[in-house]
Amino acid sequence: MSFDEIIDRRGSHCVKWDMMETLYGVSPQDGISMWVADMEFRPPGCVQDALQAMLDHGIYGYFGDDSAYKGAIIWWMQNRHGWTVEPDWIFSTHGLVNGTAMCLDAFTREGDGIVLFTPIYHAFAKVIRASNRDLVQCEMPIVEGQYVLDFDAWDAQMQGHEKMLILCSPHNPGGRVWTRQELESVAEFAKRHDLLIVSDEIHADLLMPGQAHLPMARIEGIADRLIMMTAGTKTFNIAGAHVGNVIIADEGLRARFGARMLALGLSPNSFGLHMITAAYSPEGAAWVDDLCAYLAENARVFDAGINAIPGLRSMPLQSTYLAWVDFSGTGMTREEFTARVEQEAKIATNHGPTFGKGGDSFLRFNIAAPRSVVEDAVARMQQAFGDLQ
């Protein structure tokens, strides 16, 4: 397929386009939607073929025999990430926000502290607060333009009621791919404070050239406190399938999670299972390689254009397709620079404060779009901030 093809998603019940005027005041008629983290590309042909086969069959009953589905996950994790997964470790949830909520429900109680390294994916805080857990925000410092982990500060911050750490690996919105040393430090921090680790690795396949993702499960000595969360929905642009994996190697943790799944009557939808089975394949892998190369050039174009505007700084991406732009150098208030982006450039983005402490001066831009759209967005930004040139 051509990633350059522009596909009109307006009027298709697409949150990203059909809700942006309501939420941001940016009309889909002349605006650019760069907020929700899905892509403007169709998924690979193998996924489309799997759906077409379902349509041709024409009966949409309950899904049975998930051996091929689990086998596809196992193949993908081994071949793409060097991680050996057993079939009975895998639970399927309605996406990873649901998976996060299920982990909170299964392993913590109301009032327990849940640790986040902020700024971080905004849905985590929403489900933590909604479940009456205590949100513990550990703000990450920026060193040489990128986020780093500050365990000395965070050790002093812990109060003893913290029970769980939710890690975003690779990091959203900063795009960091954590090193082995950093992940080992996360593991030691969790041990010191007796925290369960929920590692959300939904962006693990979306890597910039030269980057390699290390699953948290490959860090030794933490299987008894680790819950892995993976999904192909971001990788293959099928977020509407609402299917994710909670993968638990430890038998005791697995039993507790399985009991809550059973008690709540949760089971996955058949469309998502068929799509993932098809996607996690050699054909899907080749498509992802092409996608990552395209996204890398998008990132280069976007960063070059944004960083040419005095006072703006786009954090270098190691993973994801989410550019994290700092406006602090403009001297403007958050309201001022946001108004320029939305009202003058007519671009809808995610607002930094929704990602927690440390996000106030930022906006998040989704660059998973045809190159011409990214170039248009850059031109609009340069015009909206033209007085700074």
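Me: How does the lining of the largest cavity divide by class into nonpolar, polar and charged residues?

Reply: The model is a predicted one. In it, the lining of the largest cavity comprises eight nonpolar, three polar and two charged residues. Helix H4 (67-81) and strand S9 (226-230) each contribute at least two residues to that lining.

Me: What makes this space a cavity, and which residues lie closest to its centre?

Reply: A cavity is a set of points where a 1.4 Å probe fits but cannot get out. The largest cavity holds about 80 Å³ of space. Of its 13 lining residues, Met-77, His-81, Glu-201, Ala-204 and Thr-230 are the closest to its centre.

Me: Why are H11 and H13 called roughly parallel?

Reply: The axes of helix H11 (residues 282-307) and H13 cross at roughly 10°. Angles under 35 degrees count as roughly parallel, and H11 and H13 are therefore described in that way. Their axes come within 9 Å. The contact involves, among others, Tyr-294, Val-301 and Phe-302 of H11, together with Arg-371, Val-374 and Met-381 of H13. By class, the residues of this contact are seven nonpolar, three polar and three charged.

Me: What makes a residue of H12 buried, and which residues of H12 are so described?

Reply: Buried means under 20% relative accessible area. In H12 (residues 334-344), the buried residues are Phe-337, Thr-338, Arg-340, Val-341 and Glu-342. They pack against several elements, including helix H2 (20-24), strand S15 (362-366) and helix H13 (371-384). Just after H12, Lys-346 has a positive phi of about 60°.

Me: Which residues of H6 are buried, and what covers them?

Reply: His-122, Ala-123, Phe-124, Ala-125, Val-127 and Ile-128 are the buried residues of H6. Their cover includes H5, strand S3 (113-118) and strand S4 (134-139). Asn-132, which follows H6, has a positive phi near 65°.

Me: What is the volume of the largest pocket, and which residues lie nearest its centre?

Reply: The largest pocket has a volume of about 1100 Å³. Of its 48 lining residues, Val-36, Ala-37, Asp-38, Lys-234 and Ala-239 lie nearest the centre. By class, the lining has 23 nonpolar, 15 polar and 10 charged residues.

Technical notes:
Residues numbered from 1 in each chain as written. Predicted model: local features only at pLDDT ≥ 70, side-chain atom pairs only at ≥ 80, totals over all residues. Heavy atoms only, no water. Buried < 20%, exposed > 50% of the residue type's maximum accessible area, 1.4 Å probe, protein only. Helix = DSSP H or I, 4+ residues; strand = E, 2+ residues; numbered from the N terminus. Contact = heavy atoms within 4.5 Å. Axes fitted to C-alpha atoms, helices over the stretch in contact; angles between N-to-C directions. Parallel < 35°, antiparallel > 145°, perpendicular 65-115°, else oblique. Nonpolar A, V, L, I, M, F, W, Y, C, P; charged D, E, K, R; others polar. 1 Å grid on protein atoms, 1.4 Å probe; cavity = no way out; pocket = protein on both sides within 12 Å on 5 of 7 lines; lining within 4 Å. Points joined across faces, edges and corners; volume = space filled by probe spheres on them.
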